[in-house]
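Please examine the strand pairing in the model below.

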Amino acid sequence: MRTSQYILATLKETPSDAEIVSHQLMLRAGMIRRVASGLYTWLPSGLRVLRKVETIVREEMDKAGAIEMLMPVIQPADLWEESGRWSEFGPELIRFTDRHNRTFALGPTHEEVITDFVRKEISSYKQLPITLYQVQTKVRDERRPRFGVMRAREFTMKDAYSFHLSEECLDATYKAMHQAYCNIFERLGLDYRPVIADTGSIGGSVSHEFHVLAESGEDAIAFSDGSDYAANIEKAEALAPNVSRPEATKELKAFPTPDAKTISELKKHYGVKPHRGVKTLIVYGTPDENDVRGLVALVLRGDHDLNELKAEKHPLVDSPLEMATEADIVDAIGAKPGSLGPVGLSMPIIVDRTANVMADFVAGANKDDEHFSGINWDRDVTNYEVADIRNIVEGDASPCGQGNLQIKRGIEVGHIFQLGTKYSEAMKAGVLSESGKNQVMTMGCYGIGVSRIVAAAIEQNNDDYGIKWPQPIAPFDLAIVPMNMHKSHRIPDIANNLYQGLKDAGLDVLFDDRKERPGVMFNDMELIGVPYTLVIGERNLDENKVELKNRHTGEKLMVDIDTAVEVIKATVKG
RNA sequence: CGGCGAUUAGCGCAGUUUGGUAGCGCACUUGGUUUGGGUCCAAGGGGUCGCAGGUUCAAAUCCUGCAUCGCCGACCA
């Protein structure tokens, strides 16, 4: 490709509405342009990267035995009503009616369409297991699109679905997909981790997320430093402390705390260290037979945070978890948030495992502007349950039993689920088994955010000059940058010959034939992140050499022109 | 959906306090100059100042409403 016949579209200045570095660099490097909030046009350079990611994903999916197909973005509402998700899905699902007043949705995912397809086409156990996939545009009306293509309203996703007769069979395919995903991220050249994940509203039992590690990631991941254990922080279990509760040594005593409504104010004004106090959060309980929700108290050590996912899975707690309003709290307890505690509380109390091994601790007295010190479990508070309801913190013992947990941030780029029969049952997708009986299929689903990978790769690979693409997904393998070509007699021929030769050798070459100053060309090539730049200048021509510069290391290699194509190909592709 | 902020040329911004013929840098066009890291000089094109209404002799500037975009949060996956 010659820059003169290309849309390089690089920007010197950073558009002001781009917050994170990948979004800024995608705009500056001429990869994307915003059309509306969460909607982007992919320019040639961006599309090249997107296509390379897709190709790697396809190759590994095919290798793992999955079969590619393509389903429509527009899906009839009937299918969604059959699965029950027409009412379950929120406004994220874009709905509309056509000229005949029939109702449709824009697909945020394709479980319904694929299940409908399979129930019609697959009728015998002999055709199972089967894994089908597509690379396709998904539409989700995100409440808050942000970070460019990282969380867009329209994006490219690889989604795969597998169908089985048994759990064991599903498990085998699930493991194969897990391996295929590892292969994909390995080949993409990214620093990634598979982590144990929550199945969320999709349902099912087993689930892993694949995260690209990056500071800007929206998710926190817990790792063991002593094993392979890694889990999304919302899923990482906080084990019961390995110590028993100390004996009570102090008496229960009330003290006035007019200036303390929070754990940090308690420390500031009264010298109570956060890990010596507990915080009491009031949430709504599971509705009773009359659909009335009571209140439930959650008690955590002062320096710990509530894990809402864990809490709402507790049978006493309503799901989704909802914090009680101040009015309801005052009504039930007679004190405002800021002075709450477990002592004398007449509602179910759930105590976090770590809070449960505290002795002589501090908490609100359930009376405004007053706290208790010297509180002890079983002596001062008798009716309570113990559960894991907190987020793990760095240094906690790993749930796997080996090592301690560290926390890193990640960008979720893949998610695999064992779905079970949620969709196949609702949509009556069965096959005839060996014994001639109809049997509902068991399903798995496997997603990769293809367009998100492009942004995530940049988050992980950039410097002050621009993007540093891993070679497998770079828009170009190398750039030819001739010095003052239009002034030279020798350079145009050499540059053109090398361009042709390198293209014929199978490399993606960007030939910068603009009449620009060298600095402009160097800067552009570094900005768009081409891994190698071949500099052709009068300076080295007398020795019959050209210069190959590595974007990642800055190393310069002098290459003899006569053998340049072979040497460069070996270097770039090696 | 709640809170905050922004909206002036393709991009980045000033001008708004105190109403008086719309500016700067980059980019673009033309000519010259320069040429191994974003040259320099000159000339030029490009804007119903987000939209609608109001106040005023006069509105980018003051008032009201709306829209769009972004940030934080909640929500969702």
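This is a predicted model: local features need pLDDT of at least 70, side-chain atom pairs count only at pLDDT 80 or more; totals for chains, interfaces and linings use all residues.

Residues are numbered from 1 along each chain as its sequence is written, chains are lettered from A and ligands numbered from 1 in the order in which they are written, and side-chain values use heavy atoms, with hydrogens and water left out.

Four strands form an open sheet in the order β14-β15-β16-β19, with mixed pairing. Here strands are DSSP runs (E, at least two residues), numbered from the N terminus, and two of them pair if DSSP finds at least two bridges between them. Because β14 (278-284) and β19 (385-387) are at the edges with a single partner strand each, one side of each is left without a neighbour in the sheet. On average, neighbouring strands of this sheet are turned by 30° against each other, direction ignored; the axes are lines fitted to C-alpha atoms, and angles run from 0 to 180 degrees between N-to-C directions.

Within this sheet, β14 and β15 (residues 295-301) run antiparallel and are joined by seven bridges. One bridge pairs T280 with V299 of β15.

Strand β6 (residues 103-106) takes part in two further pairings. With β4 (residues 74-76), β6 runs antiparallel over three bridges, and Q75 stands opposite A105. With β5 (residues 94-97), β6 pairs in the antiparallel sense through four bridges, among them the one between T97 and T103. β5 and β6 form a hairpin with five residues between them. In its turn, N101 has a positive phi of about 70°.
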